Amino acid sequence: MSEFDQSKAYAEQEEVFFDDGRELELLHFVYGKPDIEEIRGNPQKVLAAIDEFARTKKYLMNVGEDKGKIVTELISEVKPETMVELGGYIGYSCVLYADAVRKAGGKRYFSLERDPVFGAVISSLVDLAGLGDFVKVIIGSSAVSIKRMHTEGTLKHIDMMFLDHYKPAYKTDLKLCEELKLVTPGTVLAADNVIKPGNPPYLEYVRSSVAEKRKAAEQSSDESNPDARFADRTAKQYANRQSEEKLQQSRGNPNLIYESKLINSYEPSGTMLTAESSRFAHALQNVKLLALSFFFLPLDTFILFFSYAVRILVAFPATSHRARVRSTYTRYFEPRTVLVTGVGMTKGLVLARLFFIAGHNVIGADFEPPFLPITCGHVSRSIKAFHRLAKPDGTREGSSRYCQSILDIVRKEKVDLWVSCSGVASAVEDGQAKEMVELLTKCKAVQYNVATTQKLHEKHSFTEYTKSLGLTVPETHTITSKTAALRVLEDVRPSGKKFIMKFIGTDDSVRGDMTLLPFDSVSATKAHISRLQISESRPWILQQFIDGPEYCTHALVVRGEVKAFTACPSAELLMHYEALSPDSSLSRSMLRFTQEYAASDPENFTGHLSFDFLVDRKDAERAQRDPNMVVTLYPIECNPRAHTAVALFNNTPEMIEKGYMSLLEEPSTPSKEGTNGASPTPPVYPHNPGKYYWIGHDLATFVILPALSLLKLHGNSFVEAFEHFGTFLEHLFFWKDGTYEIWDPLPAWWLYHVYWPFQFAKSLVTGFKWSRINVSTTKMFGC
């Protein structure tokens, strides 16, 4: 089976994943697209719009591109005059297959769907695709509809049938079609989901011999109830619509013999493993990635030694700049000792290198197992000395050990400035360490205190503080019980607003859940809320959904003044960075917001400050045309720590002296210039910022998976693979890798051949189940 293209993956499937209003939301989404007139009459563009909704909004239980391609190739081979599908849902398979049947010279396509709402969605999308005169949508129970169509003479013979409806009815509906002589020798059947979740009764029937089927028919067993081998969830799939499911009793035609073939393929949700996936599947995932690391080891080792050779012969701007500022030609320069924690992540490594380039002595620190130097920053040329940090474990003792380890490093290395680049897991502990370090030593910390960290880090307090500053925020409600969540959602239902439930703390298992609430069905809303763990000790927020693009920012703030700033488009698991122009209205509006925020409490605002913003889609489009527009921003989250977007400052050592080192100077009297507390001094922006990517991520996504897919019968087309490869080449030649530097090449080699192999091997041994990784933050997301 071909490798799945994760760029095509649908949104994560939720507990309630259909019949909750998303089907009508899909119609509004498709018909609301700006290019609707271009979509009209074009089946492929209709399918692309459906896929876009399912990838960016909500999961849809469609057949998807991969499985759909198998059936369309079969259609082109069989060339059926009449094709019937059982189970149309929202019409994805109907549009896809009907278009293929028409191109193959067919005469009619019937889509049988029991739910009238789903049937209406199918009809609407079929008409939009220009297939209305070719497709007939039949509403009602599949068995009843088949008998009626046969009696009326509407359906006389089925050349090809696609089964994707109520799973227990596969066998009984097929037997009915046999008995009515609609299915005869030469009819081709394509049945979905017979491997996963499985359909034993159907497979047993189509694989049985004539003698076995005759014997079973003589026993005349009751087939009106679902087979006991089906899980309750499958057997009672439509329980909210019909209390008791009765199947059609039919003898079938035991004289028919089927040639049966199983074909593995992917659901449109892709290959991301979950907690329910087998331990073997997770182990295989780790083994494949270990093999990939070993495969590229010779090439990467050659690049490593080639970089060392070039470094001997060529003077690079980074090292030349360091040599110049530390020479006697630079008057009054005083090298400082700077501690950077979190150097295993890209953001920490980038800052360590910038301090090194600026001429300072850099001490690195991060979490590491005892006696195992696995973090890539440990081996960076920019690091003078490396120390292992005690990892906080959520207990008071663990927090104390972490803070003490930072204090010990500061004292031992006589650190002048501590720059915290740690992750979200130690956000509050970094605030505690800052207070301890500045109280007991002369060292200054680029880090907020505990109170400010908590205020910014926790979603509900951040929203309340933002409102208190008179800044715009999305409508937000703090939720501490399921009853409260349902009450708020029912109160807002008449307004038509949609909300997203977000856990206030850190929980990877729910981080990606962007389900829009409330559903059209009250029962579906209750079902979704019921699966969430909500309590006083585990609070959530309900935050209004703003339909539009998302942006992220990174800023350095010193005593309430924004010293450095950049903004860029955002996405889940950002692996590509491209800065917005500082002169754009979007960037200027986000800078203005950040300046007002920082100036609200200058005494306590020293640290890194990152915001996630949503912008209304129409405003974002206007902002592209009008550089002077004041954009309305909806801040949805604040990260009071360094953002990976700091990589955009890679060629900007001025940020060190004009930004970070200003903290070691005596504070000056704040200027009264500016508006609403905005800084009168422009911040440092990235100089000629490149576009950043991570080669490990892109190599897998754009080269390896598409290339493997080409070797398979039902894989991606050559054109698709070529497009992916073209994207990779563009990044390789015109973008910048976030970890590799030719003057400091070892961290990149270490990342892919020491750090990640260690993590995969550890997961293999311990049985740790993870669903995805972030190369830039070196984070594994547990299932």
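This is a predicted model: local features need pLDDT of at least 70, side-chain atom pairs count only at pLDDT 80 or more; totals for chains, interfaces and linings use all residues.
Which residues of H17 are buried?

**Entry 1: helix H17.** I placed H17 at residues 427-440, a run of 14 residues. From its first C-alpha to its last I get 20 Å, close to the 20 Å expected at 1.5 Å a residue. The answer to my opening question is a list: Ala 427, Glu 429, Asp 430, Gly 431, Ala 433, Lys 434 and Val 437. I was happy to find Glu 429, Asp 430 and Lys 434 among the buried residues.

**Entry 2: the cover over H17.** Next I asked what covers those buried residues. Two helices turned up, H16 (396-413) and H18 (450-457), and I noted them as part of the cover. Strands S9 (417-420) and S10 (444-446) are included as well.

**Entry 3: cysteines.** Are Cys 421 and Cys 443 buried or exposed? Cys 421 counts as buried because its relative accessibility is 0%, under the 20% cut-off. Cys 443 is at 2%, so it is buried too. I then searched the whole structure for disulfides and came back with 0.

**Entry 4: the whole chain.** Stepping back, I counted 28 helices and 22 strands in the protein chain. It has 783 residues, and 54% of them count as buried. I looked at contacts between residues at least 6 apart in sequence, and 76% of these join residues at least 24 apart.

Methods. Residues are numbered from 1 along each chain as its sequence is written. Side-chain values use heavy atoms; hydrogens and water are left out. A disulfide is a pair of cysteine sulfur atoms within 2.5 Å. Buried means under 20% relative accessible area, exposed over 50%, partly exposed in between (1.4 Å probe, protein chains only). Helices (H or I, at least four residues) and strands (E, at least two) are DSSP runs, numbered from the N terminus. Contact means heavy atoms within 4.5 Å. The expected span of a helix is 1.5 Å times one less than its number of residues.
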